[in-house]
Amino acid sequence: MKNLVPVLLLCLTACSAPGPDLILYNGDFWTGNAEDAPVTAVAIQDGHFTALGVDSEVRALAGSDTREIDLEGRFATPGFNDTHVHAQSAARFLEFNIMQTGTQEDFQQRVSDVVDGLAEGEWILGGFWGAYDEWTSGSAGGQARDKFTPNISLVEDLTAAHPMFIRRFDNSEFAANRPALEAAGVDIQNPEAEGVEFAVDGNGVATGIMTGPGVRGLFADVVPDGFSLARRMEQTRNALAVAASYGVTSFSDMSDDTQLEIYRALRETGELTMRVHFRYFLGRWQELAAQGIEVGSGDEWIRLGALKGHIDGIMGTSSARFFQSYENDPQNYGRWRQLMVDEQGQFVEGQFLGYMARADSANLQLSIHAIGDEANSLLMDYLEILNATSGDRDRRFRLVHAQVIAPQDFARLGNLGIIAEVQPYHLADDMRWMEERIGTERSRGAYAFKTLHENGAVLAFGSDWPGTSASEYPINPLYGLYAAVSRQTLAGTPAEGWFPEEKIDIETALRAYTLGGAYSSFEDDIKGTISEGKLADLAVLSDDLFETEPKDWLDTEVVLTVAGGRVVFER
Ligand SMILES: [Zn+2]
């Protein structure tokens, strides 16, 4: 309604039609549609594309109230739809992490940065140091650096007003500053606690570094469960701004309920620059069903109706579930997750399928995490049973990660209508350890995007931002496109690509990062391509992805992001 006054005034004086809200012209649009006619301009009104064509046609529609932007010949794509983020963790991780930190100077700098934004007394948590000690980020392995451990004494002054409790990525070491040690009741001069080994200096004084099974218990009661709402709002604003700067206009999030409330609050204040598809934990299906939530619930900014469950672990901790054991750990087959097992951790036949079947009958969409080949295979068995017992309908089942598929299982994907919700950047990061852990033969079925696609799975790309405690996954979709097309690390190795027969072309990759995402939330009729009538979400890039090499995309920048017809990022 705010816009009405100036529009009316202009009409009274200029007496011309207001025209579309926005016209982008002199662009090179990849619309995602198979049309032959080139598109160099689009008109946008009330959040939707209202016209596409060449400059002369579209610019003729301009009225007194139209903003026109010259794209200077640049490449434009439908806005990226990241089908897999953990926004709550990403928001927190952006605020503070030392995963890639290898020097004390960098550690001090990062602590100093986080302290700047904190109210007095707020805790510093997280850390995850050491994840890249053995493998440099972006390498294919073997580029070890010295083991890094933060020197807490260097940040004691900086953090005097902020208790700090941080950890190594694998929980083998923890660190606390003096305020945190005091809060936990530790006598710094004479540190002692059950199950905790304190590192001490020459005078027997605690340095802040701790190991042992008792550490987490010692701090459990003093470390806050979460951050204040104000701090989380600020973290989320920051995360949304980062996402917009990479051309992401939709994402599918798995976070806690407070995060959903934050999105709703930011929407009220006009600060929600991202369409959010929000997924709840599978175990909560009944609660959602009781509230009447089902596929399609919500609206085009905040969409509900999907559930996410986990069937197995992850590669990063060698807990993904395989038919054969790990090459480097012959007793280990990986493990099943909660809902698959009883309280003693024993597999319970039919239990997980029961959750799936009941949620499915409540018309909730299922998306299930599966990494190892046995996990993926078992899920396909479950889906076949679901089709046989509850009817074969358009479920858009999301096989989350679809990371390692056994050779005999690829052919089942298409018949089951499976959406492969995959994160191509994983391969650029994970190839550093894949073959050492599962061997060459099994690795052929890993991140096998081409074979997934050729077997009829719908590819829906995402980032898994911000990653696990062992790996950092950036949200930048250009990294994902690079990984899918080149199958190389960020450093460009191996030269031919890792299992190069699984490379896909840029058009397939772009579609997976745009329309594939829209399809996976039952929204391909309203977004995912630049089409008349669809939601006006797009990104303008510094380079034409069809005219440049994958290695160039690592430096390609987003110069303009439009979500719902509104410019949400401009470089
Ligand atoms: Zn994830």
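Which residue forms a salt bridge with Arg396? The partner is Asp524, with the closest N and O atoms 3.0 Å apart; a salt bridge is a side-chain nitrogen of Lys or Arg within 4 Å of a carboxyl oxygen of Asp or Glu. The structure is a predicted model, in which local features need pLDDT of at least 70 and side-chain atom pairs count only at pLDDT 80 or more, while totals for chains, interfaces and linings use all residues. Residues are numbered from 1 along each chain as its sequence is written, and side-chain values use heavy atoms, with hydrogens and water left out.

The bridge between Arg396 and Asp524 links distant parts of the chain, 128 residues apart. Arg396 lies in the loop between α11 (373-390) and β17 (398-400), and Asp524 in the loop between α18 and β22; helices (H or I, at least four residues) and strands (E, at least two) are DSSP runs, numbered from the N terminus. Arg396 is buried, with a relative accessible area of 11%, whereas Asp524 is partly exposed at 25%. Here buried means under 20% relative accessible area, exposed over 50%, and partly exposed in between (1.4 Å probe, protein chains only).

Arg396 also has a positive phi of about 50 degrees, although it is not a glycine. Phe522, in the loop between α18 (515-520) and β22, likewise has a positive phi, of about 60 degrees, and is partly exposed, with a relative accessible area of 24%. Most residues other than glycine have a negative phi, and most peptide bonds are trans. The bond from Trp465 to Pro466 is cis, with omega near 5 degrees, as is the bond from Thr493 to Pro494, with omega near -15 degrees.

The structure holds 32 salt bridges. One of them joins Lys147 to Glu173, at 3.5 Å between the closest N and O atoms. Lys147 lies in the loop between β8 (124-129) and β9 (164-168) and Glu173 in the loop between β9 and β10 (174-176), so the pair ties together parts that are 26 residues apart in sequence. Lys147 is exposed, with a relative accessible area of 55%, but Glu173 counts as buried at 12%. Within helix α8 (residues 257-268), Arg264 and Glu261 are 3 residues apart, about one turn of the helix, and their side chains meet in a salt bridge (3.2 Å, N to O). A network of salt bridges links Asp381, Glu384, Asp409 and Arg412.

The zinc ion has as protein donors His84 (NE2), His86 (NE2) and Asp464 (OD), lying 2.1 to 2.2 Å from it. Donors are N, O and S atoms within 2.8 Å of the metal (3.2 Å for Na, K and Ca); water is not among the atoms, so sites may look incomplete. His86 lies in the loop between β7 and α3 (87-95) and Asp464 in the loop between β19 and β20, so the pair ties together parts that are 378 residues apart in sequence. Both His86 and Asp464 are buried.

An open sheet of 8 strands runs in the order β7-β13-β14-β15-β16-β17-β18-β19, with parallel pairing; two strands pair if DSSP finds at least two bridges between them. β7 (80-85) and β19 (458-461) stand at the edges, each with a single partner strand, so one side of each is left without a neighbour in the sheet. Strands β13 (residues 248-253) and β14 (residues 275-281) pair over 4 bridges.
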